[in-house]
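Here is a short walk through one protein model. Keep the sequence and the 3D view open as you read.

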Amino acid sequence: MMLATRLVSALPALNATTAAARLSSFSTLATAAAAGAASASTPKWGTLPKTPAPAIRGEPAKPRVKTTAIPGSKSIALTKELATMVDAQSVSFFVDFEKSSGNYVVDADGNALLDVYCHIASLPLGYNHPDYKTKLTESQLLFQHLAQRAALGSMPPTDFPVQLHDTMIKQAPTGLKQVQLTCGCGSSANENAYKMAFMHYQARKRGDRGFNEQELTSVMNNCEPGSPNLSILSFDGAFHGRTFGCLSTTRAKAIHKLDIPALPWPKAPFPKLKYPLDKHAAENEKSEQDSLKEVDKILTSNPIPVAGVVVEPIQAEGGDNHASPSFFRGLQALCKKHKVAFIVDEVQTGVGATGSFWAHEQWGLSSPPDIVTFAKKMQASGFFYADQYRVDVPYRIYNTWMGDPVRLLQAKFITEIIEQDNLIENTRVTGAYLQQGLQTLADQSQGNLENVRGLGTFIAFDVKTPALRDKLILAGRMEGLNMGGCGTRSIRLRPSLIFRPKHAALFLDRLEAASKKVFA
């Protein structure tokens, strides 16, 4: 039970139901470890906990590095070829998707890397999951929707209501029964969520009347009152996308925003938590309260009225920055006080990686958020929203496609396998084990690794300097690991939901080996 208590205390507070379930899970883990009931593993990281998730048939037993550098010669040649047509500066290496399997990505040169980045948190089931492939190949609807892509907003296929219900509404956050599909990426989800927040704000001001002639005329000149001067409040360190409105709420890195005109929208400081949490409780609470005070001040007196507040449960691109559930409850209370939309951006945190299907489910909110956006692991993109936010005139939130039936099918099959294989429970068990191992590694690193943090397998840690962080990612690649960076000096782990404790032990072994080379 001491292990269980330590693991729970390392996480932000949860609502009672979730905390009890997780404590029960950790208690089982601790008991099994003490009794030696689980299968053997690398002793330095402790006994492997049991997980309900099945092993993936056919995946490699361990990483395999064949080349003296990654990217290897084939990836380099392909990058040069690609660069004749598009900007390829961001390419790390090329992937052989046919040979990739389970948790392992195989590159063009035949290197098999344990993938804990998974295409920036977008692969829920890893590579070539056998059950997923079977569902896709046996689907009678898949070819039909591939052969002709429907304009869902005007001429949807006859199966669309059932597909939408069985996929999106079935997985909707508690209390939200409305969904809006968008164009496929997180930016399109957030951009349209902002539009809905503005429309709702103005509709409430307008009351029962319709649009007047002045509004209809002025809007064509981009002038008030038809084009109202409103804003969305975001936070320092936030990343909400790269489209025009989203970019004005993105505050993670300067390179994302340079040379692009921005809307003069406000920002508030995001809490800066110190770790370990139990040793900095007073400082962390003050940081959260200071942030909430600034939010209240902005919502009260910002020169441009605020129609909505957008926040990530964990600021991913900005450095995997966390806040406690009480902070988010306080933020929702301020949104209600000032009658502005509470928008939760679950593009990266959604679909199970944090130990619950939606990360905000762990906050213990008194009512659901007004809007919850999604993309990435869901394959489709869009947002769930409260009933009162539905627009009453068509074509106001609209595009040609309004989603994609193929992506809906993918999402349906993915969520079925998540439930079938207990993959969310797996992220809780594996995440606890992985965080414990990372903390052990950090404690032995003489300050080179620190600030281990996370929920489920949505985990990050800091490296002493940005330069060392970059070296560690490259050294990790040569040890057979595919990791990603975020913030200025953080490494973020975004494994798929099939990442099990045995993979965590392998990862820790390889990370330790890479660390010895970088920090020697």
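**Strands, a hairpin and a helix pair**

Begin with two neighbours: strand β6 (residues 306-311) and strand β7 (residues 341-345) run parallel and are joined by four bridges. Strands here are DSSP runs of E with at least two residues, helices are runs of H or I with at least four, and both are numbered from the N terminus. Two strands pair if DSSP finds at least two bridges between them. Look at V309: its bridge partner in β7 is F342.

This is a predicted model, where local features need pLDDT of at least 70 and side-chain atom pairs count only at pLDDT 80 or more, while totals for chains, interfaces and linings use all residues. Residues are numbered from 1 along each chain as its sequence is written, and side-chain values use heavy atoms, with hydrogens and water left out.

Now widen the view. β6 and β7 belong to an open sheet of seven strands with mixed pairing, in the order β3-β9-β8-β7-β6-β4-β5. β3 (178-181) and β5 (267-268) stand at the edges with a single partner strand each, so one side of each has no neighbour in the sheet.

Move on to strand β14 (residues 490-493). Strand β11 (residues 458-463) runs antiparallel to β14, with four bridges between them. F461 stands opposite I491. Strand β13 (residues 484-486) also pairs with β14 in the antiparallel sense, over three bridges. Here C486 has S490 as its bridge partner. The hairpin of β13 and β14 has three residues between the strands, and G487 takes a positive phi near 60 degrees.

Which way do the side chains of a strand point? In a regular strand they alternate between the two faces of the sheet. In β14, S490 and R492 point one way, I491 and L493 the other, and all are buried (under 20% relative accessible area with a 1.4 Å probe, protein chains only; exposed is over 50%, partly exposed in between).

Next, the helices. Helix α6 (residues 140-147) packs against helix α13 (residues 405-420) at an angle of about 155 degrees, with the axes 8 Å apart. The two are therefore roughly antiparallel (an angle over 145 degrees). L141, L142, H145 and L146 of α6 meet P405, V406 and L409 of α13, where contact means heavy atoms within 4.5 Å.

Finish at A252, in the loop between α10 (244-247) and β5. A252 is partly exposed, at 24% relative accessible area. The C-alpha atoms of A252 and A238 are separated by 5.3 Å, though the residues are 14 apart along the chain.

Key. Axes are lines fitted to C-alpha atoms, for helices over the stretch in contact, and angles run from 0 to 180 degrees between N-to-C directions. Angles under 35 degrees count as roughly parallel, over 145 as roughly antiparallel, 65 to 115 as roughly perpendicular and the rest as oblique.
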